[in-house]
Amino acid sequence: MTNWPPPLHLVGAWLALVALLVLTVSLAHLPLGAFNAAIAMSIGAVKAAIVAAIFMELRHRDATTLIFAGAGLFWLGILLWLGMMDFLTRT
Amino acid sequence: MTDANYLNAEYSLRSWFFTTDHKRIAILYFASLILFFFIGGAAATAIRIELATPQADLVSSDMYNRLFTMHGIIMVWFFLIPSIPNTLGNFIVPLMIGARDLAFPRLNLLSWYLFMLGGTVTLFTVLAGGIDTGWTFYTPFSTLYSNSYVAVAVTGVFISGFSSILTGLNFIVTIHRLRAPGLTWYRLPLFIWSLYATSIILVLATPVLAMTLVLIAVERLLGVGIFDPAIGGDPLLFQHLFWFYSHPAVYIMILPGMGVINELISCFSRKAVFGYKFVAWASLAIAAVGFLVWGHHMFVSGQSLLASLVFSFMSFVVAVPSAIKVFNWTATLHKGSIHFDAPMLYALAFIGLFTIGGLTGLFLACLAYDVHATDTYFVVAHFHYIMVGGMVTAYFGGLHYWWPKMTGRLYSEYWARTAAVLIFFGFNLTFFPQFVLGAEGMPRRYHVYPPEFQVWNVLSSGGATILAVAYLLPLFYLGYSLFFGARAPANPWNAPGLEWQTPSPPPEHNFDQQPIVTRPPYQYSPDFKAEPQNA
Ligand SMILES: [Cu+2]
């Protein structure tokens with residue numbers, strides 16, 4: 001068997017995700033108008049970063065892997081960009 | 001007696017169904033794809049019989065909807081997308097780059113099991129009564145109105161998507177990590193470049209399909225408003241998400257075919273592919289720009305005019321790298337020593353049919369003409385020229401080219417050429433009349449039509465009969481060769497690629513010694529002899 005170190009960082013990351021989830025839910029109840037969505041998205045982005053860096057172990061990976069991971073994000077951007085282009089300019 | 005090879009190493013069922021050998025997994029895929037091809041083909045046959053007369057005589061409207069839906073779903077996801085990557089690619093990629101296997105052999109086997117599971121679920125839909133949404137699953141029909149087995153069919157396609165992702169991932173890692181010593185990127189055969197580009201699309205686009213299909217199920221089963229405006233959804237969102245995957249999926253289907261054509265044109269012209277770097281980068285350009293054009297499926301959907309203009313422009317741009325390839329293949333033929341062996345006949349047919357398919361695609365990229373042609377047989381003819389005239393022809397070409405390597409047997413050249421010629425004529429007779437029908441305004445997806453369209457429909461159905469016979473022929477002469485064909489030498493075509501420098505069929509671990517690559521691909525001496533990449 002491979003000798004695994006105890007996955008303390010995984011537990012920590014999981015706890016951080018749960019804490020951020022609690023934060024999202026509680027902040028959603030504040031009457032902030034459009035800021036509610038902005039706050040929820042920002043917290044979501046932080047969560048995604050935690051998943052990418054710690055669960056997907058991207059912080060230990062070489063440049064090629066990071067390029068491929070970044071490509072996923074970039075292509076998601078294409079989907080949102082060209083999709084929004086229709087949505088925002090529809091008559 | 002033949003030497004030990006991957007086929008005679010072990011005979012038990014277990015040694016096949018639990019194999020991690022890329023060559024055996026390729027054969028598993030090959031056998032499964034034959035099955036799906038003939039199921040999808042049977043649906044097409046029923047459609048063409050029905051359309052031979054203007055009135056309904058074979059099936060009801062409802063049954064007709066289920067037939068063309070099943071034809072589309074099976075042919076797209078269970079034949080065209082896996083066809084070249086999972087059979088020829090699986091078999092040839094490690095051999096071509098001098099590797100013992102793909103980077104993740106077990107993932108490769110898992111990919112086949114997921115594919116079969118997805119296929120079984122989809123076939124269950126057929127037995128249960130079918131699905132009537134068309135292969136595109138457009139909302140709101142698929143989420144609100146259809147009374148057929150939408151959720152089940154969508155689940156089948158969803159599962160098969162993971163098989164695609166695993167295959168793409170496997171190829172990307174393999175091509176990065178397992179190239180033989182000396183095999184630099186610019187020494188890779190162009191088949192590898194095109195599969196690399198295909199894999200990138202598989203990995204980047206398929207997840208979007210998966211999530212779109214889940215969203216259909218969520219709206220249909222749980223009533224959450226995603227696409228239905230009455231409960232807060234956006235009716236065009238589905239089309240955006242679906243075509244974000246499905247236009248690039250067209251390139252998943254055609255890029256591997258283009259890859260095969262490079263190998264065939266070069267080998268049977270006894271010349272290096274003209275403009276190697278342009279062809280290599282054209283594959284990646286197609287993969288990248290192919291993601292920016294999906295809105296050309298939505299010109300009449302109510303999408304904004306700005307979006308339509310941008311997608312129309314990008315659709316013209318994406319034609320450029322494909323055109324580069326066609327010009328370069330033609331230039332490769334120039335002053336070559338051309339041999340008309342069966343694989344070459346398929347390759348030449350591909351160039352002609354793909355060019356017609358590609359150019360009619362430009363008609364459809366024009367905003368004004370597309371309004372006239374949307375949902376007519378013009379569109380049907382256009383994409384069948386790409387996917388059947390292009391991809392299926394390339395698949396058959398590649399299959400004949402690598403058949404001696406895969407099976408260790410030689411097939412009947414006479415019958416192979418006959419089939420190639422019949423496919424070319426049968427195909428054109430089937431689909432060229434559909435351009436005329438579409439231009440005259442016959443809509444797709446109806447089983448009754450005004451009598452003035454009958455002449456062209458009869459021609460098309462007649463062509464389909466020839467095409468059906470031509471597609472059945474290889475089953476016989478290739479099947480015959482498996483048992484009675486002459487033993488194939490290691491390099492029957494006298495080609496320079498690494499896959500030809502090991503016995504046919506290859507030993508279990510592909511090469512007795514690690515090949516060292518010393519020169520670019522496609523090198524021939526002035527007297528047209530192959531100069532092997534590892535000599
Ligand atoms: Cu398209």
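Where in chain B does B:Pro140 lie? B:Pro140 is placed in the loop that runs between helix H4 (105-128) and helix H5 (141-145) of chain B; helices (H or I, at least four residues) and strands (E, at least two) are DSSP runs, numbered from the N terminus. The model is predicted: local features need pLDDT of at least 70, side-chain atom pairs count only at pLDDT 80 or more, and totals for chains, interfaces and linings use all residues. Residues are numbered from 1 along each chain as its sequence is written, chains are lettered from A and ligands numbered from 1 in the order in which they are written, and side-chain values use heavy atoms, with hydrogens and water left out.

**Backbone features**

- The peptide bond joining B:Thr139 and B:Pro140 is cis, with omega about 0 degrees.
- A cis peptide bond also leads from B:Ser504 to B:Pro505, where omega is near -15 degrees; B:Pro505 belongs to the segment after helix H15 (454-484) of chain B.
- In chain A, A:Glu57 has a positive phi, near 60 degrees, although the residue is not glycine. A:Glu57 sits in the loop between helix H2 (34-55) and helix H3 (63-89).

**Annotated regions and domains**

- UniProt, in an unreviewed entry, lists residues 10-518 of chain B as "domain: Cytochrome oxidase subunit I profile"; its positions are given in the numbering used here, feature names are shortened, and annotations may be inferred rather than shown by experiment.
- This span of chain B is 70% helix and 0% strand, and its end C-alpha atoms lie 34 Å apart.
- For chain A, an unreviewed UniProt entry gives residues 38-56 and 63-84 under "transmembrane region".
- Residues 38-56 of chain A are 95% helix and 0% strand, with end C-alpha atoms 26 Å apart; residues 63-84 are 100% helix and 0% strand, with end C-alpha atoms 31 Å apart.
- Chain A is divided into domain 1 (1-60) and domain 2 (62-91), with bounds from an automatic or database domain assignment. Their centres, taken over C-alpha atoms, are separated by 21 Å.

**Interface of chain A and chain B**

- Contact (heavy atoms within 4.5 Å) links 14 residues of chain A with 22 residues of chain B.
- About 1500 Å² is buried between the two chains, 79% of it from carbon and sulfur atoms; buried area is the accessible area (1.4 Å probe) that two parts lose on being put together, summed over both.
- A:Phe68, A:Trp75 and A:Leu79 supply 38% of the area that chain A buries against chain B, more than any other three residues.
- The chains share 1 salt bridge, defined as a side-chain nitrogen of Lys or Arg within 4 Å of a carboxyl oxygen of Asp or Glu.
- A:Arg90 and B:Asp234 form a salt bridge, their closest N and O atoms being 3.2 Å apart.
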